[in-house]
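What follows is a short walk through one structure, taken a part at a time. Please look over the sequence and the model before reading on.

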Amino acid sequence: MQYAGSAGDVLEDDPVRRLKVFVYELPSKYNKKILQKDPRCLTHMFATKIFMHQFLLSSPLRMLNPKEAEWFNTLVYTTCDFTLNGLPLPFKSLRMMRSAIQFIPSN
């Protein structure tokens, strides 16, 4: 019998046993160095991308073998290039992403 306001079977849901993520190890020029260059990335509207990346690096969802994974993560901090006023400069984004995509199969 379910009661109003009950969590039902939500607590039985175990994403760790379901979702398997492989995080590509990219050179720091695609993420860490960009963040060091401008720490405003951590407070900008696109900061979720960074926090998700940091979470996945130490998450039980992370698989070290790509053959075991169902989801592949290639986080490149493309939205962390700002003007002095804090507006994103998307001009380098495409080139950065293309470079990261070309890096992956070569390593």
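Predicted model: local features only at pLDDT ≥ 70, side-chain atom pairs only at ≥ 80, totals over all residues.

Three strands form an open sheet in the order E2-E1-E3, with parallel pairing. Strand E2 (62-63) and strand E3 (71-73) are the edge strands, each pairing on one side only. In general, the strands of a sheet pair through backbone hydrogen bonds, either parallel or antiparallel. Strand E1 (residues 21-23) pairs with E3 in the parallel sense over three bridges. Within this pairing, Phe-22 has Phe-72 in E3 as its bridge partner.

A search of the whole structure finds one disulfide. Its partners are Cys-41 and Cys-80, with an S to S distance of 2.3 Å.

The last part is helix H4. At 1.5 Å a residue, its 14 residues should span 20 Å; the end C-alpha atoms of H4 are 21 Å apart, which agrees. Which residues of H4 are buried? They are Ser-93, Met-96 and Ala-100. Seen down the axis of H4, these buried residues fall within an arc of 65 degrees, so they line one face of the helix. The buried residues of H4 pack against H2. On the face of H4 turned away from its buried side are the exposed residues Leu-94, Arg-95, Ile-101, Gln-102, Pro-105 and Ser-106.

Definitions and conventions
Residues numbered from 1 in each chain as written. Heavy atoms only, no water. Pairing = 2+ DSSP bridges. Helix = DSSP H or I, 4+ residues; strand = E, 2+ residues; numbered from the N terminus. Disulfide = S-S within 2.5 Å. Expected span 1.5 Å × (residues − 1). Buried < 20%, exposed > 50% of the residue type's maximum accessible area, 1.4 Å probe, protein only. Arc of directions from axis to C-beta. Contact = heavy atoms within 4.5 Å.
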